[in-house]
Amino acid sequence: AGYPPFYDKSPFQIYFKILHEKPAYPRHFDVKVNDLLNNLMNHNVKDRYNHIDTMLHIWFDFVDWQAFQANAHRPPWRPKLEG
């Protein structure tokens, strides 16, 4: 989003915010991505998303995970490298 989710001049205040506060997201963020990020950064490890939860989240509903695992996806753009 262009800035860190937890900011303060004091490193100890940053640590405190990470442990005790939820990050604030810009208003232009989609509700789905806010939900995904909140679940990935959940303070309670038992409730935090794992890789399966992440793959099944609605934010990734367009991804063909089987094709991804088979390395069948082509990147939309490949840089030309000289070497």
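## Contacts and basis of the model

In the protein, residues 24 or more positions apart account for 20% of the contacts with a separation of 6 or more, a contact meaning heavy atoms within 4.5 Å.

The model is predicted, and local features need pLDDT of at least 70, side-chain atom pairs count only at pLDDT 80 or more, while totals for chains, interfaces and linings use all residues. Residues are numbered from 1 along each chain as its sequence is written, and side-chain values use heavy atoms, with hydrogens and water left out.

## Fold and overall dimensions

The protein contains four helices and zero strands, where helices (H or I, at least four residues) and strands (E, at least two) are DSSP runs numbered from the N terminus. Along the sequence this gives the pattern α-α-α-α. The protein is more spread out than a compact globule, because its radius of gyration is 17 Å, well over the 12 Å that the globule rule gives for 83 residues; the radius is taken over C-alpha atoms, and the rule is 2.2 Å times the number of residues to the power 0.38.

Along the principal axes of the protein, the C-alpha trace spans about 45 × 35 × 25 Å.

## Surface and burial

Of the 83 residues, 13% count as buried, on a scale where buried means under 20% relative accessible area, exposed over 50%, and partly exposed in between (1.4 Å probe, protein chains only). The accessible surface of the protein comes to about 7700 Å², and 58% of that surface belongs to carbon and sulfur atoms, with areas from the Shrake-Rupley method and a 1.4 Å probe.

## Aromatic pairs

Searching the whole structure finds four aromatic pairs, which are rings of Phe, Tyr and Trp (its six-membered ring) with centres within 6.5 Å, called stacked when the planes are under 30 degrees apart, edge-to-face when over 60, and tilted for the rest. One of them joins Phe12 and Tyr15, whose ring centres are 6.0 Å apart with planes at 85°, so the pair is edge-to-face. These two residues are three apart in helix α1 (residues 11-20), and therefore separated by about one helical turn. Phe12 counts as exposed at 66% relative accessibility, whereas Tyr15 is partly exposed at 48%.

The rings of Phe60 and Trp65 also form an edge-to-face pair, because their centres are 5.8 Å apart and their planes stand at 65°. Phe60 is partly exposed, with a relative accessible area of 22%, and Trp65 is partly exposed at 27%. Ring pairs link Phe60, Trp65 and Phe68 into a cluster.
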